[in-house]
Each structure stands twice: as structure tokens, then as C-alpha cells.
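This report describes the architecture of a two-chain protein model. The sequence and structure are shown first.

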Amino acid sequence: MSAAAQDIGSGGAAGSWSAPLRRTLRRHEAKLGIALTLIFLVMTVAAPLMAPFDPYDQDLSSALQPPSFLHLFGTDQYGRDMFSRVLHGSRTALLAIIVADGLALALGSALGLIGGFIGGAVDAVVMRLVDVLLAFPYLLLALIIVAALGPSLTNSMIAIGIVYTPQYARLIRGQVLSIRASDYVRAARAVGASQLRIMLRHVLPNAVNPVIVMATLQAGSVVVETAGLSFLGLGAQPPSPDWGALLADGHSYFLTAWWIATFPGLAIFCVVLGFNLVGDALREQFDPRRRK
Amino acid sequence: MKAPLLEVRGLTVSFRTEEGEIVAVDDLYFSVGRGETLVIVGESGSGKSAASLAVMGLIDAPGKVRCEAIDFSDKSGRKRDLSRLAEAEMQRIRGAEIAMIFQEPMTSLNPVYTIGEQIIEAITFHEPMSGRAARGRAEEMLALLGVPDPRRRLDAYPHQLSGGMRQRAMIGMALSCRPSLLIADEPTTALDVTVQAQILELIRGLQRELGMAVIFITHNLGVAAEIADRIMVMYAGQAVESGPCRAIFRGTHLPYTIGLMRSVPRLGLDRSAAPLPAIPGNMPDPRRLPRGCRFHPRCSFAEPGLCDLQAPPLESCGDNHQVRCLRWREVRA
């Protein structure tokens, strides 16, 4: 209570009308994030149960219909129900998060651990490789990789996984470098722990907190990037209801049938917002200055 | 004299830096007998910690260890040169034969595991034992260390314990496999004075009970007087005095040790009469050691033309008592 009162005292000085709104949002952003993320997860699981229509069923007689009670999000140029397609699209998004974010996490952790723990020439080679990857703009690098592998949903996920690897590698290497110099690692060595054991049992568990935060924040970015590749025709191929592909479908009808592109766009927006808010909340939770 | 437990001969530890090589420990000889307490006294930077880490084989690159031999007789009575052992062999020695505790009880325990998990881990490294048996041993250890309610403390995380309790847990971890040598690197420095006394008493009690030898590193002469059988004084990487505790406190012949003793504050000292005498100046930069005796720029006994030109050797000045000073015959406390 006293914290809230202090908040009002300091925030109210600006006298801006948006201050109370911002304060409410800040207080509830974690809840909002968790709610959005949960809705997303429920969507992915329950899509076949919740969807009123088959997402692939064409019905040209009801093409390009605006939102109504029958078609909540309207229909596209082939008369497919957009609500059902957006629902099913969430599954591709989740798959992208699991595969791409998971791949980046696994590759990046391995590289960061090896570089940070072995050090020396190995570290130099690994980190220069990471620097080279970091030097490219994300989407450009993803485009190059997909172009090399051939356009498909799987390949676009692999590409994005590779693109996000360097950030994990850097984060984990930094963690490992500071933890391996810590007193408790020295103490563990002094009782006879082997290098491998120290790396897996003492260094890794102490390095995970910021990694969890990063994985959550990256989940949102992964959704955007896979949708981006699909939008460009390099990811999910039609008739798959990937959100990026839906956007691509709808953008040429935007002036006459705004709903085709708008609802998938909103879905992407909500999922990214949800993961970012959860990530921020986790970061605050894991902040050592707040630990009791 | 029977064969010592640990005999270090000609130990040199150096670190390569961008401004050249820094010699932290310079040609050091010392030994510790079974059950004996050797106290290594020195200011920060005198090389006392580097020497003990070298014995444990814990000097990492860019540090470099050279020596004639670090001979250690293990529990089966075999004499082994620790400086020539492979890392895997060394891991079997660490914790089981030689244990070490550190200055910072606050950070020397892993924050993500309970005290119990960490002690049990140390036990199972060296002795194949069921989880329950190891837990029993860990509980015994904490009880021996005077930790109240040891069974519950096993499940506590380090941040839930006070500094003194954490240092006890550290000691428990180090001693859980009954090593024959304990290296304690300033284990009481970060603790309250009352807790310091408890931990010292504890280490002494355990030493008697387990019959282990202790190398105790400190900059505190009071602590040294309390527990030492023998004392080695280090300055700028060299041993400058070594001898039985009594001989050194009765009558040292080394200006540096005299300076150290005079600079210890005592109760009842008249503050208005004179300020606490301090040794002027600082430990020399290891990259620019003074010519001759390394202590001569700070020494009130230094003789121009002698001490600033000639490096003193370690000379015997009594029974088992050695000093590194050219003028030791004229020096009296």
C-alpha cells in the first residue's frame, strides 16, 4: 500500500492524464502477460475442438464475408473461416517456438559452455564464429539460410534457430566466465570435483536464470520472424494456416476485406506482447537484488 | 625427525601478465609433520595463498607452477609427488587426503544447493556410499561442528545461514572424508571476533580428534600465537622466517617480524603516548623488486651499502629457527 502511495506521489507530479493508466498497466503487466500466454497455449491445444470449421474447407459461395456471428473473423477469398484458420495457426507458432527457440537454446548453450569453460583458442574460435553470425541482420541471415536449404516451414524454423544461437552463446559464455571464477567453484574443486561435474552441476544451474528470461523474450521474436519468413513465402506454404502466410494472403485484399490480414496480425501482436511481458516479469523475479 | 606429511621443495609460482612475469612465490621450502600446525603469516600479496593453491594443484593458467617436488605421504603411506600427478589423480587427493577451506564463507557455498547436498557430494566423490549413509555422515559432521539441530540444517540453503554457520558447513564439507591435511586460507578473517574464536577452537578440537595436520594461513599474529606449532613468515613471495612458535614469539631476529608484532593493537595500550607503530611503506611491486634484501626500503635496521646490495640467504639462527636477514645477529626485539 505504501509503495502505491509513493508511486502516486512521484508519478503524479507530471500531472499527465496517462499516468494512472500507465501505473495500472505496470502493476498488472505480469498478469496480462501470463493471461495472453495462457490463452495462446490453450488455443494450440484446443484448436480442433474450438474451431467451428475445418481451416482448409473452401466454400466459394461465402468468400470474403466480413466478421459475423457465423464467421467471427470473417472469411477469406476462398470462403475459408478465418477464426478457424487463426486458431490452427497458433499451432504452427508454438511449433516454431519449440523448434527454433529450442534449437537456439541448445546450440547456444553448448557453444557458450564450451567456449567459456575451455577458454583459450577454442573460446576464441567459437566466439569469432558467433561474432560473424551477429554481424548479419537477423532476417537477412535467416533469408540466406532458407535460400540455401530451400523454402519450407521446417527449414525456416532451423534458420531462425541458427540466427538466434549467437545471443544465447554470448549470454551463457558470460555467465560461465563469471561463475567459474567464483569461490564455490574453487571450493568444489578443492573437494575433488571433476571439471565435467563442475561444469554440469555447479556452473550450469547457476547460469540458467537469465537464460530462462532470454528464452521467454526470444519466443515472441521467434513468432514474428517465422511469420515474416512465411509472409515472404519462404516458410509455411499454402494452404497451411500459418499466421505469416495468412497475413500474406490478406494483404492484397486489405482495402476491401480488412479482416483477413487484421486478425492474424492481432494474434501475432498478442502472443509477442504476452511473451515479452512474462519475460520482463521473470527478469524482475530473478533479479538478485530482489532475492530474499 | 620422522618423515613429514608434506614436504614442499623449491616451489615457484608465477603469473604471466601483459607487463611481464610476476613471481608470486619464489623458491619456497617448507614441510608439515603429521598432526602439526604450521601457520603461514604474511601481508596480502606475500604469496601465502598462491603457495597453498599450488599445493592443491589449483593454480590455473596464466599461472605457472615450478618446483623440485611437493612430496606428500598419502593415507596408505605411499609418498607421492603432487606436482607430477595427473589431474584425475589429483582429484582423488583433493578432499580425501588434503582439504582446503577458504576465506569467504559467504560465497564459498553454491547458492543453488542445500548444505546437505554439498557435503554429501563431497563424501560421495571419494567413498562409494548410499545416499542415506552419506546423509548420516553429513549429519554427524555438522553435529561434530557444533551446529544445532543438524538434521534440519542439512536441508537449509546457504543464504539461510549466518556467516559462522556457513563457515562450519564449509569445514564440514572439507573434513567429511577425514583428510590428513587441512589447508585453511584465512578461514576466520571474514567472521566476527567472537565467531572467530569459536571457529579457531573448533579447528583445534577437530585436529586433535582426527589427528590431522593443518596449514593455517593468516595475516593475524594473534591467531598465529594461538594455534601454531611452527610459524613461517612470508614477505614478497619468500619465506623470511621460519621456526617454532615459541622461539619466534620469545625472540625473533627479523626486523619484519618485529614490525608485525609491534603493529598488533593490544588492550590497555596508551593511545595518547604514541600512535600504534606501523611498518612504513607498502609491499614492493613484484615486477620491480628492490635490489638486495626485499624488505630493506621499509626496514629500520637496514644498513646502506649492505642490505640494499646483497640479497640475504635463509640462515639458521637457532634450533630449527631460520631467518632471512644479513644483520640478524644485531637485531633484537
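The sections below treat the chains, their interface, the nonpolar cores, the sheet and selected local features of this predicted model.

## Overall architecture of the two chains

Chain A contains ten helices and zero strands. Its pattern along the sequence reads α-α-α-α-α-α-α-α-α-α. Taken along the principal axes, the C-alpha atoms of chain A fill a box of roughly 75 × 55 × 35 Å. Of its 292 residues, 43% count as buried. Among contacts in chain A with a separation of 6 or more, 67% are made by residues 24 or more positions apart.

Chain B comprises ten helices and 13 strands. Its C-alpha trace spans about 70 × 50 × 45 Å along the principal axes. The radius of gyration of chain B is 21 Å, which agrees with the value near 20 Å for a compact globule, because that is what 333 residues would give. Of the 333 residues in chain B, 45% count as buried. Where contacts in chain B link residues at least 6 apart in sequence, 64% of them join residues at least 24 apart.

## The interface between chains A and B

At the interface, 14 residues of chain A are in contact with 22 residues of chain B. On the side of chain A that touches chain B, the elements giving two or more residues are α7 (183–190) and α8 (195–231) of chain A. The largest share, six residues, comes from α7(A). By class, this side of chain A has six nonpolar, five polar and three charged residues.

In soluble globular proteins, nonpolar side chains tend to be buried together. The largest nonpolar core in this model has 99 residues, of which V191(A), L11(B), A174(B), L181(B), L182(B), I183(B) and I215(B) touch the most other members. The element that gives the most to this core is helix α6 (residues 163–175) of chain B, with seven residues. Apart from this core lies another, of 68 residues, including F40(A), L229(A), I260(A) and A267(A).

Beyond its neighbours within four places in sequence, L182(B) is in contact with A99(B), A174(B), L175(B), M212(B) and V214(B). V214(B) is also the bridge partner of L182(B) in β9(B).

Eight strands of chain B form an open sheet with mixed pairing, in the order β7-β8-β9-β3-β10-β11-β13-β12. Its edge strands are β7 (98–101) and β12 (315–318) of chain B, each of which pairs on one side only. From one strand to the next, the twist averages 20°. Within the sheet, strands β8 (residues 181–185) and β9 (residues 213–218) of chain B run parallel and are joined by five bridges.

Helix α6(B) lies across β7 and β8 of chain B and runs at about 170° to β7(B). This helix contains R168(B), which counts as buried because it has 26 C-beta neighbours inside 10 Å, where the threshold is 20 or more. Leaving aside neighbours within four places in sequence, R168(B) is in contact with L145(B) and V147(B).

## Helix α1 of chain B

Helix α1 (residues 48–56) of chain B is mostly covered, with nine of its nine residues buried. Among them are K48(B), S49(B), L53(B) and M56(B). The helix is followed by G57(B), whose phi is positive, near 70°.

## Backbone features in loops

Most residues other than glycine have a negative phi, and most peptide bonds are trans. L64(A), which is not a glycine, has a positive phi of about 55°. It is found in the loop between α2 (19–50) and α3 (82–118) of chain A. L64(A) is partly exposed, because 16 other C-beta atoms lie within 10 Å.

In chain B, E186(B) has a positive phi near 45° and is likewise a residue other than glycine. Its place is in the loop between β8 and α7 (193–210) of chain B. With 19 other C-beta atoms within 10 Å, E186(B) is partly exposed. A cis peptide bond, with omega about 10°, joins P238(A) and P239(A). P239(A) is located in the loop between α8 and α9 (243–251) of chain A.

Notes. Residues are numbered from 1 along each chain as its sequence is written. Chains are lettered from A and ligands numbered from 1 in the order in which they are written. This is a predicted model: local features need pLDDT of at least 70, side-chain atom pairs count only at pLDDT 80 or more; totals for chains, interfaces and linings use all residues. Helices (H or I, at least four residues) and strands (E, at least two) are DSSP runs, numbered from the N terminus. The radius of gyration is taken over C-alpha atoms; the globule rule is 2.2 Å times the number of residues to the power 0.38. A residue is buried if 20 or more other C-beta atoms lie within 10 Å of its own, exposed if 12 or fewer, and partly exposed in between; C-beta atoms are placed from the backbone. Two residues are in contact if their C-beta atoms, placed from the backbone, lie within 7 Å. Ala, Val, Leu, Ile, Met, Phe, Trp, Tyr, Cys and Pro count as nonpolar, Asp, Glu, Lys and Arg as charged, and the others, Gly among them, as polar. A nonpolar core is a set of buried Ala, Val, Leu, Ile, Met, Phe, Trp, Tyr and Cys residues joined through C-beta atoms within 7 Å. Two strands pair if DSSP finds at least two bridges between them. Axes are lines fitted to C-alpha atoms, for helices over the stretch in contact, and angles run from 0 to 180 degrees between N-to-C directions.
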